[in-house]
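Hi,

Here is the structure I promised to pass on to you. Please open it alongside this note.

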Amino acid sequence: APHLLSVTQFQRDSLGDLLRLAGSLEPVAQRHKTCRVLEGAVLGNLFFEPSTRTRLSFGAAFCRLGGAVCDTTGFTFSSMAKGESLADTSRVVAGYFDAIVVRHPETGSVARFAENIEVPVVNGGDGAGEHPTQALVDVYTMEKEFARLGKTLDGATVALVGDLRHGRAVQSLFRILTLYRQLSFKLVAPGGLEMPTELIDAAVTLGHQVTQHSTLQGGLRDADLVYATRIQKERMQEEAAEGYPARFRIDKSAISRLAPADVVILHPLPRDSAPEANDLSCDLDADPRLAIFRQTDNGVAVRMAVFATLLGVEAQIPACLRDANW
Ligand code: CP
C-alpha cells in the first residue's frame, strides 16, 4: 500500500502535483463544504501523543472528502495500556479502516506500524523523526505567502530558528525545502540544539547555501522567511530546557530591528504561551507578516490532497468541484 512516512518520498514534480491539488481543494476546506470522493470510507486517527492541529485537521480533511473518522488519543485509551504491541495493534486496526494516521512518541514507530499492512498509513509525527504533512503545509503556505509578495521559494533566504536538533517538523521542512532551487538557509540555534550535520551536508550537496548562527542578528538579516520553532521539552532533559536562552525569541523588537520589512513569519505551533516563553511572542499577533494562522488553515486542504492521492481518487476531484453548488 502507498504510505506517507517521510518527506524523502517526494520529488519536486510529485510535490508540485500535491500542492496544486491542495490549491484546488482550498475552496472546499475553507468555505466549509464537502467534495464527497471518499463517501463510505473510514479513517482511523491514532494519536499516542497530544495534538490539536494535526489530529483535527486530518479528521476535518477526511470528513470534507465525504468520509468518517474514528479517533483515539493517548495510550490509556487503547489496549496498548494492557501491554498489546504496536504490531498487533496495527494488524487489528488495519481490519477496520480505509486509511490510518498515526502519531507516536518513538522515532521509526509509524514505519514499523505500516510495515505489514495494506491500508495506507500517514505519519502524523514519530518521536524526533519526521512530521511530513506539517512540512507539506509549511511549503504550501510559503509558496502562497511568497506569491502574494511577488517572490518565489526558489532562490529564497530562509531562517530556521530555535531547537533544530529535536524538532521533527523543522527537520522535515529542511529536508523538503532542498527540493527547491538554490536556497540560502540560515540555521539559528543555541549550542547543543543545532541541526544534525548529516541534514546540513545533504542540503549543501544539493547546491544550497547553509550558514549556522548562534544569535538572531546574523540569522535574520536578509531573510525572506523566518520559521520559529518551540523548544521540544518533551524530548530533552529538564535542565537543558531550562537553560534555553531568551535571545532566540522572535518578537516585535527582533523583527523590526533585524529582519527585512517584507519578511514572512511562520511557526508550526503550538507555541509556548508562558510569559517567559522564548519561541514566538504574542506581540506580533496583529502583524500581517505573521502567517501562523493562515498556515494552520492551510492544513485541511493539504491533508485532503494527501488522502485523495494515497487513496487514488484525485482524478475524481475536478468533476466533484465542478458539480459543487458553492
Ligand atoms: N504542528 C503540530 O503538529 O501541532 P499539533 O501537535 O497540535 O498537532
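Two points on conventions before that. This is a predicted model, so note that local features need pLDDT of at least 70, side-chain atom pairs count only at pLDDT 80 or more, and totals for chains, interfaces and linings use all residues. Residues are numbered from 1 along each chain as its sequence is written.

**The sheet**

Four strands make an open, parallel sheet in the order β2-β1-β3-β4 (strands are DSSP runs of E, at least two residues, and helices are runs of H or I, at least four, numbered from the N terminus; two strands pair if DSSP finds at least two bridges between them). The edges are held by β2 (68-73) and β4 (121-126), each with a single partner strand, so one side of each has no neighbour in the sheet. On average, neighbouring strands are turned by 10 degrees against each other, direction ignored (axes are lines fitted to C-alpha atoms, and angles run from 0 to 180 degrees between N-to-C directions).

Strand β1 (residues 42-47) is joined to β3 by five bridges, while β3 (residues 99-104) pairs with β4 over four. Val 101 of β3 stands opposite Asn 45 and has Val 122 as its bridge partner in β4. His 104 is bridged to Asp 126 in β4.

Six of the six residues of β3 are buried, so the strand is largely enclosed by the rest of the structure (buried means 20 or more other C-beta atoms within 10 Å of a residue's own, exposed 12 or fewer, partly exposed in between, with C-beta atoms placed from the backbone). Ala 99, Val 101 and Arg 103 point one way, and Ile 100, Val 102 and His 104 the other.

**Ala 94**

Ala 94 lies in helix α3 (residues 86-94). It counts as partly exposed because it has 18 C-beta neighbours inside 10 Å. Its C-alpha atom is separated by 41 Å from that of His 208, 114 residues apart along the chain.

**The ligand**

Which residues surround the ligand? They are Ser 51, Thr 52, Arg 53, Thr 54, Gly 125, His 131, Gln 134, Ala 169, Pro 268, Leu 269 and Pro 270 (C-beta atom, placed from the backbone, within 6 Å). Domain 1 (7-130 + 298-323) and domain 2 (132-294) both give residues to this shell, so the ligand lies between them (the bounds come from an automatic or database domain assignment).

Best wishes
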